[in-house]
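Reader: I am new to this structure and would like to know what the terms used for it rest on. Please take the terms one at a time.

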Amino acid sequence: MEKMIKLTIDKKQVEVPQGTTILEAAKGIGVDIPTLCYMHLGDMGIEHKPGGCRICVVEVEGRRNLAPSCNSKCEQGMVIHTHNMRVLNARKTVMELMLSDHPFDCLVCAKSGNCDLQSTAQQLGVRELHYKGEQSTYKVDYSPSIIRDMDKCIMCRRCETMCNDVQTVGALSAVNRGFQSVVAPAFEMDLEKSTCTYCGQCVAVCPTGALTEKDHTNQLIRDLADPKKTVVVQTAPAVRAALGEEFGMEPGTLVTGKMVSALRQLGFNSVFDTDFAADLTIMEEGTELLDRLKRHLDGDKDVKLPILTSCCPGWVNFFEHHFPEMKDIPSTARSPQQMFGPIAKNYLAKEMGIKREDMIVVSIMPCLAKKYECQRDEFKVDGDPDVNYSISTRELANLIKQANMDLKTLPDEEFDNPLGESTGAGVIFGATGGVIEAAARTAYEVYTGKTLENVNFEALRGMEGIRSATVDFDGLDVNIGIAHGLGNARKLLEDIRDGKSQYHAIEIMACPGGCIGGGGQPLHHGDSSILKKRAAALYREDEGKAIRKSHENPYIIKLYEEFLGKPCGELSHKLLHTHYFDKSKDIEIE
Amino acid sequence: MAKIKLAKSKVDKLVEICKSFDNEGSELINVLHKAQETFGYLPAEVQEIIARELNVSVAHVYGVVTFYSFFSMVPKGEFPISICMGTACYVRGAEKVLEEFKRQLSVPVGETTEDGKFSISCLRCVGACGLAPVVTIGERVYGRVSAGDVADIIKEYQK
């Protein structure tokens with residue numbers, strides 16, 4: 001049995017299991033001790049409590065020093081004060097010292113209003129600053145996806161936990177010592193030259209404006225105002241399940257129709273859906289999966305199994321950097337974003353009677369790696385990108401607010417066609433397990449020639465970091481693996497490398513929870529229940545769709561008939577597939 | 001692919017050092033010590049190879065190298081001069097000694113003379129406070145050094 005411990009917090013008797021921290025015990029009786037560096041994403045097993053910022057200090061009677069409550073464990077008979085004068089003064093002093101080396105550009109900072117440092121300073125009642133001292137002056141590091149402004153870093157080191165422990169990317173580390181210490185890539189090189197995958201999980205947890213996304217909204221406003229340009233937009237599945245949060249709506253509220261309406265009012269010529277391209281991805285990736293599976297069953301020894309999904313650009317960057325020897329295992333199918341682009345610029349532009357260079361394709365993504373993905377050279381034709389640029393869910397919310405719209409009051413509208421029609425299979429791409437479930441729906445029917453009785457593959461859903469399930473393809477057992485979060489992906493990859501993997505197909509998403517937890521989504525501020533609500537919203541939208549299997553999307557069928565030919569055919573290969581690069585460092589020996 | 005150039009003999013030596021610590025990531029500091037002892041300093045290439053061999057990130061290796069003042073990313077001189085700035089040495093005039101070394105050799109702290117002969121660094125206490133102020137050159141320790149002694153000390157090594 002768990003040993004219980006009795007203690008007193010703010011004159012109240014508390015009983016907690018041994019091992020409980022003072023912070024948790026206080027929370028249990030409704031005492032919310034302020035924190036700053038502390039981060040706890042319970043459902044995903046992510047905990048970060050370095051006790052470094054000292055904002056959460058409390059007084060423990062009999063101890064000389066104040067104790068950081070986030071990493072101090074409760075002890076029998078402790079008497080704790082969380083808000084006496086000594087504690088309040090200490091917290092204020094700590095905050096003032098932190099602010100003494102922080103730029104005062106809050107009015108124009110991208111994080112303003114959404115900044116933990118700002119809100120904690122407010123909560124602590126800091127009204128004047130008594131300390132003036134040295135100020136950090138680092139060069140701002142602009143990468144294609146992420147901007148690092150280390151003058152705003154408070155050394156909470158949450159980003160390091162995400163980058164190293166959760167994602168196992170290892171791009172960031174605390175370097176140097178004392179006042180000079182800063183979180184940076186190796187040799188303080190630019191992020192672009194490091195092993196960064198642009199997953200954006202560091203941005204998602206940064207409590208200040210030190211890590212933000214590269215903002216493309218001004219570019220978009222200019223393009224929308226240009227009468228010579230036809231600007232079309234595609235919206236990723238996960239955006240509709242989170243955008244509402246930026247307008248005070250409950251997490252998990254679906255705002256698909258209102259989002260379409262907002263985009264149309266912003267002035268896009270056509271509002272399309274990345275879900276359509278997700279259906280197209282299933283046609284290509286599913287065909288590739290079945291082809292590899294059949295060849296494997298026919299005894300072809302050269303066929304590469306398991307096949308790995310390739311829709312997540314953070315994941316693609318990860319294996320290019322960390323597992324380049326395995327770059328022929330993932331599907332060659334481009335991500336939905338990058339399938340949409342060439343279809344828009346090669347097919348739709350012709351239908352609309354406009355030139356490729358007069359069309360601007362914009363994507364709204366829950367993701368920061370997408371910003372990098374659309375500027376990769378292999379996705380350009382004579383320098384013109386298939387997708388011109390990508391803006392995050394957060395950027396879209398800002399743009400809607402700039403345009404004086406309140407999302408809540410907008411009418412529900414429908415996507416434009418032909419690239420706006422999608423099935424339930426396309427919608428669930430945004431949650432972990434969704435891509436492989438969508439693939440299973442189509443692959444099952446194509447392989448067996450039978451109709452699925454129940455399209456819900458419950459075994460593939462959930463929030464566990466690594467999941468596996470066996471799907472019965474009418475007598476053929478197909479072993480499926482799922483990983484979300486790159487640390488989990490690494491485990492499955494190491495198994496493949498060591499010849500221990502039993503899977504036929506594996507879905508990998510770089511971000512915990514899948515795209516719903518992407519680096520471009522509204523900030524969850526440590527509340528991981530928000531991610532579950534977003535996932536549930538996508539499955540709800542799937543349930544409500546008339547068509548739930550990608551190969552039954554009438555516009556997809558039409559696209560193959562009129563333009564592409566057949567899945568994995570010649571034109572598909574040219575427009576919808578890609579190849580991968582070895583981005584590891586090569587040590588040349590002289 | 002970014003390329004790193006390093007002589008094969010150096011790579012082999014590094015691989016051997018890492019192996020002698022069972023390629024354990026937790027032995028990083030010991031590996032860095034040994035590598036610096038062997039090469040005199042820890043350039044980026046050396047850190048890259050250590051990271052690869054120990055299966056830790058280069059950022060982490062660099063973080064450790066920059067945290068400890070003992071580790072250096074610039075080559076030390078043939079005769080590395082260290083001036084103790086510990087409390088005892090400091091109060092007995094170590095700063096004047098340091099200034100004199102800097103003036104005579106025309107290099108700042110942490111750098112090496114152009115001919116590669118001397119480098120200057122500061123350290124905190126070598127445990128010989130009775131001899132303060134203390135200067136070490138390589139393995140040799142000089143006690144009760146005054147600014148006036150500096151020229152003679154340097155001369156010893158210029159033969």
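**Terms and the values behind them**

Author: B:C89 sits in helix α5 (residues 87-91) of chain B; helices (H or I, at least four residues) and strands (E, at least two) are DSSP runs, numbered from the N terminus. This is a predicted model, in which local features need pLDDT of at least 70 and side-chain atom pairs count only at pLDDT 80 or more, while totals for chains, interfaces and linings use all residues. Residues are numbered from 1 along each chain as its sequence is written, and chains are lettered from A and ligands numbered from 1 in the order in which they are written.

Reader: Why does B:C89 count as buried?

Author: A residue is buried if 20 or more other C-beta atoms lie within 10 Å of its own, exposed if 12 or fewer, and partly exposed in between, with C-beta atoms placed from the backbone. B:C89 has 28 C-beta neighbours inside 10 Å, so it is buried.

Reader: What is B:C89 in contact with, leaving aside its neighbours within four places in sequence?

Author: Two residues are in contact if their C-beta atoms, placed from the backbone, lie within 7 Å. With those neighbours left aside, the partners of B:C89 are B:C84, B:A94, B:A132, B:P133 and B:V134.

Reader: Which residues does UniProt list for "binding site"?

Author: The unreviewed UniProt entry lists B:C84, B:C89, B:C125 and B:C129 under that name. UniProt positions are given in the numbering used here, feature names are shortened, and annotations may be inferred rather than shown by experiment.

Reader: How do you know that they cluster in space?

Author: The listed residues are spread over 46 residues of sequence, yet the largest C-alpha distance is 9.5 Å.

Reader: Why is B:C125 called partly exposed?

Author: B:C125 has 14 other C-beta atoms within 10 Å, so it falls in the partly exposed class. B:C125 lies in the loop between β3 (118-123) and β4 (135-137) of chain B. Apart from neighbours within four places in sequence, B:C125 is in contact with B:C84 and B:G86.

Reader: What makes A:V58 buried?

Author: A:V58 has 27 other C-beta atoms within 10 Å, and therefore counts as buried. A:V58 belongs to strand β5 (residues 57-60) of chain A. Not counting residues up to four places away in sequence, A:V58 touches residues including A:I22, A:I33, A:L66 and A:V87. A:N84 is 26 residues away along the chain, and its C-alpha atom is 8.6 Å from that of A:V58.

Reader: What makes a nonpolar core, and how many residues has the largest?

Author: A nonpolar core is a set of buried Ala, Val, Leu, Ile, Met, Phe, Trp, Tyr and Cys residues joined through C-beta atoms within 7 Å. The largest has 181 residues, and those with the most contacts inside it include A:C159, A:C202, A:W315 and B:I50. Helix α8 (residues 274-297) of chain A gives the largest share of this core, nine residues. A second, separate core has 16 residues, among them B:C89, B:V97, B:F101 and B:V150. In soluble globular proteins, nonpolar side chains tend to be buried together.

Reader: Why is chain A called as compact as a globular protein of its length?

Author: The secondary structure of chain A comes to 18 helices and 23 strands. The radius of gyration is taken over C-alpha atoms, and the globule rule is 2.2 Å times the number of residues to the power 0.38. For 590 residues the rule gives 25 Å and chain A has a radius of gyration of 25 Å, so chain A is as compact as a globular protein of that length. Of the 590 residues in chain A, 49% are buried.

Reader: Which domains does chain A have?

Author: Chain A is divided into domain 1 (4-97), domain 2 (101-120 + 137-214) and domain 3 (218-576); domain bounds come from an automatic or database domain assignment. The centres of domain 1 and domain 3 of chain A, taken over C-alpha atoms, are separated by 43 Å. Six residues of domain 1 of chain A are in contact with five residues of domain 3 of chain A.

Reader: Why does A:D382 count as exposed?

Author: A:D382 has 6 C-beta neighbours inside 10 Å, so it is exposed. A:D382 also has a positive phi of about 50° although it is not a glycine. Most residues other than glycine have a negative phi, and most peptide bonds are trans.

Reader: Which peptide bond is cis, with omega near 0°?

Author: That bond runs from A:L305 to A:P306. Another cis peptide bond joins A:N417 and A:P418, with omega about 10°.
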